[in-house]
Amino acid sequence: MSDASAAPRPVSAPETTVAQERRERAGQLLSSPTFLTGAAIVVFWAACAIFGHALVPYDPLADDMLNTLLPPSREHPFGTDQLGRDVFSRVITGSRDILTVAPLATLLGTLGGTVLGLAMGYSRGIVDEVLSRIVDALLALPTVIVALLALVALGTSKITVVLVIAFGFTPIIARTVRAAVLAERELDYVAAAKLRLEGPLHIMFVEILPNVAPPILVETTVRLGYAIFTVATLSFIGFGIQPPSPDWGLSISANYGLIGGGYWWTVLFDGLAIASLVIGVNLIADGIEGVVNG
Amino acid sequence: MARFLLKRVALSLITLWLLSVIVFTAGQVLPGNVGRAMLGPFADQRAVDALNHEMGTDRPLLVQYGDWISRFVQGDMGRSYAYRAPVAPFIANALANSAKLAAVAFLLVVPLSLAMGVLAALHAGRPVDRSIMVAGMSATIVPEFVSGIILILIFGVWLRWLPISATWPPGAGFFGQLYHLLLPAIPLVLILFGYIARMARAGTLEALDADYTRTAVLKGLPQSTVLWRHVLRNALLPTVSVIATQTAYLIGGLVVIETLFRYQGIGSLIFLAANKKDFPMLEAGVLAVGCVFAVASLLADLIYSWLNPRIRFGATE
């Protein structure tokens, strides 16, 4: 769209109504109780991830062997774990790693999935057929198992966890994008762009991409929830975030052997933290989906 | 019908083949030197070479793949590095155990989520519908180990209603086993509930809106007849295929649940193999999971087409 007067986009609405529509959608989103509840939860945990370390009463990593496994009290509102570390401080600071790894993985997966999905949906034919088969094969396995297999092969670090989850998400997002592109590519504005002799890259990324953005946004938010789910699960089984991080899944995995003895506070608060975060993200996704799909 | 069947089987085979390549590749990236990994960094190089030669891990990858896959198809899944014993009996035993746990979960979740999905659809847009859908969505997205921990705390530690280990004492009968499997099954039920209920709801809404339902109502059929004979029959069709595709998620959940409840199924087998870098066991476990999934989705398609005359006679997808 370098020269607007020579080649006006035939089907696109005037800029004012596009802006109006966008404002309207934002307004709808901000009046959706589902979205607002989810946003409040996620903002709370994001704030904990950023500022938590400066605000908590104890060092989340400091052992105190004279005060191990204390039940909740005034000094330790969530009690202490088997190394005497303050559970409250650990829960508050425990959001940092998962809120770095999961969004990064989602972002990478969305990028890969969008490019792949655009290519599949726009080209169709043999490329689409072959890629679809590979996507099906990848989808035949649960993400956790694929991730486990890959992490054993590659070794565990934050970067490999990000890459493995992103790789697992790419085909899922590609399938959503492909379906959206298939519907768009038959529309007049694509035909018009072809008549203007625009290249396939221009048509895919400049013409089609903005029009398939809403379903991609919904899918990305849903995936973020699953990324948090997967990172937490991998940390719990020892293939995700590594000690000494106060990560929630990791803390549960270190302490769940104790719950038979009644030390419930060492796992309950971390569990509730994970549950609230994933539910928060999903409420946001639900709110966005409601606005996008009317 | 025959053409549909043939095409479907061919697709499953291609998927399985691709899966085997992925699994094999992942199994070969890290180990590099299997003998060194098994014998440790201080072992004599000659011993390492001898072990590699004995296990065949010094041959070209393509040869190893051909050898591995042709044996696998014949039921020989190789020898475990960790146990120095054939893998196949471990896999068979683990699959049988997991099948019991999965069966308990499915027996609980299918009627529950179908009933809730239909209930939500019949009250679409009202608070009952909203609460079922939000609860279902939340249950689906909370990791199994989190709901598992909370359930263990409530029912195992505080109320002491259910045992916190899934492994039953030797000689336990059917009900004894069921008693031990109930608590581990609930997190799996929670994971599956939301999605199946959502599909049942969508199917019911579509059927309620269809012309044949309107005709049935207009010709004066009693409401219960309309619901059972016309709405539910059509509504539950798509749900059947969804239930089968959920097998993959179920097995993903088994890795965590079987570890948490100390149960010797395919999930904990894969987990232990991953921890011990026991690649033959890991590859066989993952491929077995893939086979189960392929068979389940094939069965789902068959049941779907058998229940749906439009596919049975039309022969088009």
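From the N terminus on, the elements of chain B run α-α-α-α-α-α-α-α-α-α-α-α-α. That gives chain B 13 helices and zero strands. Helices here are DSSP runs of H or I of at least four residues, strands are runs of E of at least two, and both are numbered from the N terminus. The model is predicted: local features need pLDDT of at least 70, side-chain atom pairs count only at pLDDT 80 or more, and totals for chains, interfaces and linings use all residues. Residues are numbered from 1 along each chain as its sequence is written, while chains are lettered from A and ligands numbered from 1 in the order in which they are written.

Confidence was examined for both chains. The predictor assigns the complex an ipTM of 0.84 and a pTM of 0.85. The pLDDT is the predictor's confidence in each residue, from 0 to 100. Chain B has a mean pLDDT of 83, with 94% of its residues at 70 or more. For chain A the mean is 87, and 93% of the residues reach 70 or more. Residues 1-8 of chain A have a pLDDT below 50. Beyond near neighbours in sequence, this stretch has one contact in the model. Where pLDDT is low, the predicted coordinates should not be read in detail.

The C-alpha trace of chain B spans about 85 × 55 × 35 Å along its principal axes. Chain B holds 317 residues, of which 39% are buried. A residue is buried if 20 or more other C-beta atoms lie within 10 Å of its own, exposed if 12 or fewer, and partly exposed in between, with C-beta atoms placed from the backbone. Two residues are in contact if their C-beta atoms, placed in that way, lie within 7 Å. Of the contacts in chain B with a separation of 6 or more, 70% involve residues 24 or more positions apart.

Chain A has twelve helices and zero strands. Its C-alpha trace spans about 80 × 45 × 30 Å along the principal axes. Of the 294 residues in chain A, 47% are buried. Among its contacts between residues at least 6 apart in sequence, 72% join residues at least 24 apart.

Chain A is assigned domain 1 (23-94 + 264-294) and domain 2 (100-245). Such bounds come from an automatic or database domain assignment. The C-alpha centres of the two domains lie 27 Å apart. Eleven residues of domain 1 are in contact with eleven residues of domain 2. On the domain 1 side, nine of these residues are nonpolar, one is polar and one is charged. Ala, Val, Leu, Ile, Met, Phe, Trp, Tyr, Cys and Pro count as nonpolar, Asp, Glu, Lys and Arg as charged, and the others, Gly among them, as polar.

The contact between the chains takes 40 residues from chain B and 37 residues from chain A. On the chain B side, the elements that give two or more residues are α1 (2-29), α6 (127-141), α7 (144-158), α10 (223-260), α11 (266-275) and α12 (279-307). This side divides into 34 nonpolar residues, five polar and one charged.

The largest nonpolar core has 160 residues. A nonpolar core is a set of buried Ala, Val, Leu, Ile, Met, Phe, Trp, Tyr and Cys residues joined through C-beta atoms within 7 Å. L148(A), L149(A), I165(A), I228(A), V231(A) and I270(B) touch the most other members. Helix α8 (residues 174-208) of chain B gives the largest share, 17 residues. Domain 1 and domain 2 of chain A each supply at least three residues to this core. Beyond four places in sequence, the contacts of V231(A) are I98(A), V101(A), A102(A), V161(A), I165(A) and G240(A).

Helix α2 (residues 33-55) bends by about 50 degrees at A49(A). The bend at a residue is the angle between axes fitted to the seven residues ending there and the seven starting there. In α2(A), F35(A), G38(A), V42(A), W45(A), C48(A) and G52(A) are buried. G290(A) is found in helix α12 (residues 265-292) of chain A. G290(A) counts as partly exposed because it has 15 C-beta neighbours inside 10 Å. Residues up to four places away aside, G290(A) touches S32(A) and T34(A). D188(A) lies in helix α8 (residues 188-195) of chain A. D188(A) is exposed because 9 other C-beta atoms lie within 10 Å.
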